[in-house]
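Here are my notes on this fold, jotted down as I went through it.

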Amino acid sequence: MTTELSGTAALVTGATSGIGRATAVRLAALGATVVLSGRDAERGEQVVRDIRAAGGTAFFAAADLRDEASARALAARAVQLAGPVGILVNNAGIFPFGPTDKTTEDQFDEVYALNVKAPYFLVAELAPAMAAHGRGVVVNVTTMVAELGAAGMGLYGSTKAALVLLTKSWAAEFGPSGVRVNAVSPGPTRTEGTAPMGDALDQLAAAAPAGRPGTADEIAAAIAFLATDAASFIHGAVLPADGGRIAV
Ligand code: NAP
């Protein structure tokens with residue numbers, strides 16, 4: 001257990017699974033007090049137990065993120081559990097793929113609500129307090145398909161493209177007050193969320209120099225880097241963690 005982040009409270013959304021869980025575990029191992037969130041209390045409490053068994057400090061806060069109220073309520077609960085939040089990781093997301101003409105309005109609204117509206121109001125609730133304190137970090141989790149046109153991924157990619165722009169806007173808005181806002185842009189990564197894709201994940205990953213899907217821990221390592229003072233001069237950046245896919 002290191003202490004680099006000791007005394008810092010971190011809120012990680014979507015931490016009952018995949019990349020969010022690996023991020024919560026990694027930030028706790030760096031000494032942060034982690035509030036991890038998701039809808040599934042059973043999986044959330046298991047992550048809390050795992051972190052505590054490793055000597056870390058963690059709490060679970062259940063939240064179904066779908067609107068401003070749920071986002072602001074989660075932010076308030078995190079502060080109640082762990083004190084002023086110094087690190088916010090906007091990771092929770094859904095990624096339905098499919099043809100544009102088969103997408104319903106409900107699906108459209110659901111993806112935008114979780115992937116864009118929730119991060120927006122979590123930042124609205126938490127970043128001003130970070131700014132008043134003169135210090136804070138936000139890391140948004142985007143995707144490589146925010147950067148390129150991929151058939152059937154337009155709805156999902158457009159939500160994350162919005163988050164890429166928000167990353168830069170928030171860096172401009174809050175950076176002068178000491179709040180660093182950055183993003184990690186994963187490529188195909190093996191998680192519970194991508195398990196149903198089976199071999200298609202490998203095919204998607206094959207086009208990249210690394211030639212394989214990433215692991216949740218490899219993405220968490222990039223998020224943790226941006227969350228620590230090792231990234232103290234990095235504002236408004238989108239760090240690809242995609243095996244090189246976007247570069248070629
Ligand atoms: P995952 O395994 O499906 O996990 C998604 C997390 O989001 C879960 O903890 C889930 O928790 C939470 N979540 C889902 N709906 C929610 C809701 N309505 N309210 C609150 N929490 C909700 O996903 P992942 O693969 O780790 O992906 C994590 C992030 O990385 C996403 O933003 C995704 O877009 C991005 N990403 C992933 C990949 C990849 O290949 N895996 C690539 C690029 C980007 P509950 O089920 O407990 O609610």
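1. The sheet. Seven strands make an open sheet in the order β3-β2-β1-β4-β5-β6-β9, paired in parallel. Strands here are DSSP runs of E with at least two residues, helices are runs of H or I with at least four, and both are numbered from the N terminus; two strands pair if DSSP finds at least two bridges between them. The edges are β3 (57–62) and β9 (238–241), each with a single partner strand, so one side of each has no neighbour in the sheet. On average, neighbouring strands are turned by 20 degrees against each other, direction ignored.

2. Ground rules. This is a predicted model, where local features need pLDDT of at least 70 and side-chain atom pairs pLDDT 80 or more, while totals for chains, interfaces and linings use all residues. Residues count from 1 along each chain as its sequence is written, and side-chain values use heavy atoms, leaving out hydrogens and water.

3. The β2–β3 pair. Strand β2 (residues 33–38) runs parallel to β3, joined by six bridges. L36 sits opposite F60 of β3.

4. Helices across the sheet. Helix α5 (residues 154–174) lies across β5 (136–141), β6 (179–186) and β9, at about 160 degrees to β6. Helix α7 (residues 216–227) lies across β4 (85–90), β5, β6 and β9, at about 165 degrees to β6. Contact means heavy atoms within 4.5 Å; axes are lines fitted to C-alpha atoms, for helices over the stretch in contact, with angles from 0 to 180 degrees between N-to-C directions.
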